[in-house]
Each structure stands twice: as structure tokens, then as C-alpha cells.
Amino acid sequence: MANSIVVLLIAAAALFLGVGAEDPYLFFTWKVSYGTAAPLGVPQRVILVNGQFPGPNINSTTNNNLVINVFNELDEPFLFSWNGIQQRKNSWQDGVAGTNCPIPPGKNFTYHFQVKDQIGSFYYFPSLGMHKAVGGFGGLRVNSRLLIPVPFDPPADDFTILINDWYIKDHKSLANALDGGRGIGIPVGVLINGKNKGDSPLFTMEAGKVYRYRVCNTGTKASLNFRIQGHVLKLVEMEGSHTMQNTYASLDLHLGQCLSVLVEADQAPADYYIVASTRFLKKELTATAIVRYAGSNGAPPAPEALPKAPVGWAWSLNQWRSFHWNLTASAARPNPQGSYHYGTIDIARTIRLSSSRTDPASKKRFALNGISHVDPATPLKLAEYFSVDGAFKYNLSGDVPPPANSPITVAPNVIKVQHRSFVEIILENPEKSMQAYHLDGYAFFLVGMGPGKWTEASRKYYNLMDAVSKHSVQVFPGSWSAIMVSFDNVGMWNLRSEVWERRYLGQQLYISIGNLEESLRDEYNVPENAIICGGAVGRPAPTLFH
């Protein structure tokens with residue numbers, strides 16, 4: 001009865017809004033506030049969403065319209081971003097500092113976007129400052145529509161697991177350290193759904209049934225390895241793409257990455273450990289949770305019996321090479337320029353991006369191609385839309401990295417890319433630490449990665465047939481990764497380091513894809529409820545697109 005009432009209310013609201021036969025709407029009201037938690041045994045201030053840490057999960061279906069009214073009860077500005085949601089024609093809803101004015105303390109803002117032509121496992125997170133290091137994140141799933149076949153039988157249940165590294169310092173303390181030119185060190189621990197060690201079962205499985213686990217690394221520093229004691233993980237989906245269904249004892253998830261595995265409850269009824277542990281840090285940090293078989297009272301084995309994590313990044317690189325897109329699976333997906341035959345499309349432009357940092361004797365900053373990004377007072381998208389003079393300059397960084405040890409320029413880093421061009425981007429990591437990146441607004445093809453320096457000869461090792469379409473990419477130390485993307489989504493899109501310290505100190509940029517035809521076919525107009533700030537305040541709105 002209650003579910004019927006909800007459906008009727010949604011239908012009535014849709015009619016009231018004049019949408020008629022539009023895709024269904026889901027409505028949420030979220031209050032963002034501070035709270036106290038002690039996931040590592042030390043009470044600390046965290047960010048709650050509706051009193052929850054982590055925040056509530058969003059359970060949506062392809063093409064649903066999400067309307068999320070966010071009340072900011074913090075003492076500082078706030079924004080949500082939606083990791084992996086492409087925001088087709090709608091960077092106005094992306095929720096990062098380059099696209100949106102923040103929600104002031106004590107105020108609210110309603111996000112309104114469609115999960116257009118997408119399926120898969122994603123998450124949302126707070127995008128300003130170091131908020132992400134203290135919570136405010138939650139799962140976001142996009143289910144396939146009932147008429148669309150999925151390449152596996154419906155699971156008995158569908159679980160969301162958020163794994164992340166964790167600091168015990170307040171987000172303001174972390175930001176103050178970075179503002180002072182210092183680092184924040186390595187994390188203190190690892191969490192699974194907000195806890196380091198769960199005393200009671202996180203999930204329950206019935207013997208003989210199969211379950212879907214959606215796992216996301218929502219952390220700020222470390223790659224994590226995920227495993228379930230005594231159980232095999234069958235990979236079926238990665239960041240919105242169905243994969244070939246290979247099986248693994250454990251899987252590495254790098255920062256910002258999500259995937260789905262099927263787990264068969266085929267062991268003796270008992271308690272088993274879910275394990276997440278850091279990779280590539282000097283010290284291995286571990287979190288555990290318990291999955292229980294229904295009817296079992298058996299305690300899990302002793303901690304020394306926990307399955308071990310792999311060692312070294314060569315193992316992780318080889319695991320990535322085993323990932324392939326399931327080309328026969330049906331799924332909702334956009335089809336820019338026929339790019340699912342991406343290996344036959346001519347590359348219009350190659351952009352090589354290399355990370356760098358300031359000299360150790362200087363105040364710490366990070367950069368891409370010699371430019372360390374700072375957010376101007378007017379969000380880049382608003383400055384572009386309202387023609388705010390002097391807010392930023394395009395193309396301060398070139399398509400090739402500057403010579404090693406070149407000085408770093410601190411400025412907004414925005415590059416223009418032609419609408420509908422097919423671009424190859426090489427992400428180079430000359431440093432000794434692991435790196436990871438995310439691109440808003442798009443899914444790209446991760447076609448290659450390898451040690452050493454990238455050269456044109458590296459292309460002969462690309463996967464030009466069935467690379468997984470995804471939105472995040474890892475770059476191993478002293479290595480490169482290559483992605484291909486069709487820039488068909490007009491807007492202002494953030495390419496950022498997922499190592500949050502690096503992002504905070506400038507290792508990010510924005511890609512501007514212009515609406516040259518000024519057509520609603522390519523981009524929506526600025527929303528009527530948009531918060532206007534900086535140099536855009538009081539400026540006349542441009543002529544509406546048609």
C-alpha cells in the first residue's frame with residue numbers, strides 16, 4: 001500500500017510539472033550536517049547526510065530523473081558531485097567548483113538531473129575542500145530497465161559496499177595543513193561502510209544463492225584490494241559497463257573506481273570476512289566486515305586466517321589486462337560517433353598530460369603540464385556563459401608536457417576541445433607514487449597502460465577492440481595510461497586527480513566543450529534555480545538557446 005502511494009505521488013508530481021509521459025522522477029530531501037563518529041576508535045567530526053554516515057544509497061533506474069533538495073547545515077559552503085553520472089548536456093548539475101556556485105551555510109539547492117542512457121555502480125561525494133575525507137558520500141546505483149536483458153540471472157540480493165582510507169583529523173585541519181604547504185601523510189586506517197571492524201554481520205546470504213556486490217573506492221589516498229574470505233568474485237560490471245565474466249580471488253580498486261561482482265554462497269554455513277586493505281603504501285592497513293550465512297551461529301576464523309592481499313603493482317597491472325568489455329551484452333548507453341567501434345575512428349588530437357610538483361624547498365603545489373589549478377571567484381562555467389571578463393584564460397597548458405623541472409604556474413587550468421572530436425589523452429606519471437584520475441561528463445576507453453615513457457610506438461600495444469568503457473583510470477609509478485574519448489557532451493568538465501591532496505593543491509583541469517550552435521539539442525540553458533556568484537552577479541543572462 002505504501003509503495004502504491006509513493007508511485008501515485010510521483011505520477012501526480014510529474015503531471016503537475018507538465019512532464020506528461022516523461023521518464024519517472026525520484027525525489028529526495030537531504031540535510032547535510034556535522035556529527036560525531038569514531039570509526040577508528042577516536043571520536044571525530046564527520047559529515048552526515050540525513051544523520052547517516054555514510055550517506056543514504058540512491059537506487060535508480062536508467063533514464064530516471066533525480067530531484068535532490070540539499071539543505072546545507074554546515075558552517076561553510078558545500079556541494080555534491082555525482083561520480084560517474086555523465087550529466088548529458090547538463091554540466092550545470094555536476095556539482096564541482098568549476099561549474100557551480102556553492103550552497104551557502106543555512107541555504108538549500110535542488111539538483112535536478114537524469115541518469116540518461118546509463119546503468120551501473122556509482123557514488124556521490126562532497127566536492128569542496130577536504131570534505132570528502134570526513135564523509136558525506138554514499139552509493140548511487142542505476143539499474144537496467146526491466147525490458148533490457150542483463151547478462152546474468154537476477155541475484156538474490158544487491159549489496160553496496162563503500163571502501164575507503166581514513167584519517168582521524170578534521171577536514172579543516174587537513175585543509176589547513178595543505179594550505180600551509182605541508183602534506184597530510186598516509187591514512188590511519190581503512191573503512192568498510194563507515195566501520196573498521198564490524199561486530200555484527202554487514203550482510204546475510206542464504207546457502208546456494210548468488211548475490212551482487214557493488215563495491216566503490218571512495219577514498220582520498222590509497223588503492224584498495226577487496227576480497228571475501230573463501231569466496232570467488234565474478235566480475236560482471238565496471239563503472240557502467242558490463243564486462244567479460246572472469247573470476248578472481250581478489251580485486252584492486254583504485255581511487256574513484258566502482259565495480260560489481262557476483263558471489264555464490266557455496267561455502268559451509270558460517271561467518272566469513274569481507275576484507276579491504278591498502279595497496280602500494282609503506283604500511284598495509286586493513287578493514288574487515290562480516291557476511292553471515294542464514295541460520296549460522298559460527299564465528300569467523302581467527303584474524304590470522306584472513307586472505308592475504310597481493311604484493312606489488314605488476315600484479316595489479318596484469319589484473320587490469322584481464323578486464324574486457326562484454327560486447328554482446330545489452331545495456332543503456334549513448335553511442336557517440338559510433339565510438340563502440342572506437343578502434344577505427346581517426347584520432348583528431350593527442351593530449352599528453354604529465355603530473356609534476358613544486359621543488360621540495362617551495363610551498364607544496366601539484367600541476368598538470370606545468371599549470372597548478374586554482375578555482376576563480378566565478379565558477380568557470382558561469383564565467384563562460386555570462387562572458388565574465390578576466391575570470392580565466394583558455395589553453396595555458398599545451399598538448400605536450402613542458403621540460404622536466406620547469407616552473408609551475410598557479411592559475412585556472414582550462415583547455416578547449418572541439419565538440420564531437422575524438423581525442424587520445426596520455427596520462428603520464430613520472431613520480432614514485434600511485435596516481436588515479438577521473439573525468440566528469442564522459443565514459444572513455446582505457447586502451448593501454450605500461451611502464452616507462454609513452455611514445456607513438458606504444459600505440460601498437462593498445463586494446464582497440466574491447467577496452468572497458470569507464471570514467472576513472474589508474475597510472476602506476478613511472479608509467480603511463482592512455483584513454484580515448486569522443487567529446488560529444490557540451491559543457492565544462494573536470495579532469496582531476498583522485499588523490500585528494502593532489503587535487504586540492506592543483507592537479508586538475510577543466511575541459512571546455514563549446515555549444516557553438518547555441519542549440520538545446522546540445523546543451524540545456526542555465527537552470528532557473530542556479531546559484532549566481534562572483535562576477536556573474538547582476539550580469540544580463542545571454543539569449544536563451546533554442
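Q: What makes a set of points a cavity, and a residue part of its lining?
A: A cavity is a set of grid points where a 1.4 Å probe fits but cannot get out. A lining residue has an atom within 4 Å of a point. The model examined here is predicted.

Q: How many cavities of 30 Å³ or more does a search of the whole structure find?
A: Four. The second largest cavity holds about 100 Å³ of space.

Q: Which residues line the second largest cavity?
A: Its lining consists of Met238, Asp252, His254, Gln257, Leu259, Ser316, Gln319, Trp320, Phe323, Leu446, Lys470 and Gln474. Helix α3 (residues 313-321) gives the largest share, three residues.

Q: How do the residues of this lining divide into nonpolar, polar and charged?
A: Five are nonpolar, five polar and two charged. Asp and Lys count as charged, and the lining includes Asp252 and Lys470. Met and Leu count as nonpolar; Met238 and Leu259 are among the lining residues.

Q: What makes two rings an aromatic pair?
A: Their centres must lie within 6.5 Å. By this rule the count comes to 32 aromatic pairs.

Q: Why is the pair of Phe78 and Phe80 called edge-to-face?
A: The ring centres of Phe78 and Phe80 are 4.8 Å apart, with the planes at 90°. Planes over 60 degrees apart count as edge-to-face. The angle passes that cut-off, so the name applies. Both Phe78 and Phe80 are buried.

Q: Why is the pair of Trp82 and Tyr111 edge-to-face?
A: The centres lie 5.1 Å apart, and the planes stand at 80°. That is again over 60 degrees, so the pair is edge-to-face.

Q: What makes this a link between distant parts of the chain?
A: Trp82 lies in strand β5 (residues 80-83) and Tyr111 in strand β6 (residues 108-114), 29 residues apart. Both Trp82 and Tyr111 are buried.

Q: Which residues do ring pairs link into a cluster?
A: The cluster is made of Phe28, Trp30, Phe78, Phe80, Trp82, Phe109, Tyr111, Phe113 and Tyr124.

Q: How do you know that the charged end of Lys132 sits over the ring of Trp500?
A: The charged end of Lys132 is 4.3 Å from the ring centre. The distance cut-off is 6 Å, and the charge must also be within 35 degrees of the ring normal. The charged end of Arg503 also sits over the ring of Trp500, 4.3 Å from its centre.

Q: Why does Glu239 count as buried?
A: Glu239 has 4% relative accessibility. Buried means under 20%, so Glu239 qualifies. Glu239 is in the loop between β14 (233-238) and β15 (241-242).

Q: What is the phi of Glu239?
A: It is positive, about 50°, although Glu239 is not a glycine. Most residues other than glycine have a negative phi.

Q: Why is Asn369 called buried?
A: Its relative accessibility is 6%. The cut-off is 20%, so Asn369 counts as buried. Asn369 also has a positive phi of about 50°. Asn369 sits in the loop between β22 (366-368) and β23 (371-372).

Q: Is the peptide bond from Phe53 to Pro54 cis or trans?
A: It is cis, with omega near -10°. Most peptide bonds are trans. Pro54 is in the loop between β2 (44-49) and β3 (58-61).

Q: How do you know that β21 and β22 pair?
A: Pairing needs at least two bridges. β21 and β22 have three, in the antiparallel sense. Strand β21 (residues 349-357) also runs parallel to strand β26 (residues 421-429), joined by six bridges.

Methods: Residues numbered from 1 in each chain as written. Predicted model: local features only at pLDDT ≥ 70, side-chain atom pairs only at ≥ 80, totals over all residues. Heavy atoms only, no water. 1 Å grid on protein atoms, 1.4 Å probe; cavity = no way out; pocket = protein on both sides within 12 Å on 5 of 7 lines; lining within 4 Å. Points joined across faces, edges and corners; volume = space filled by probe spheres on them. Helix = DSSP H or I, 4+ residues; strand = E, 2+ residues; numbered from the N terminus. Phe/Tyr/Trp six-rings, centres within 6.5 Å; stacked < 30°, edge-to-face > 60°. Buried < 20%, exposed > 50% of the residue type's maximum accessible area, 1.4 Å probe, protein only.
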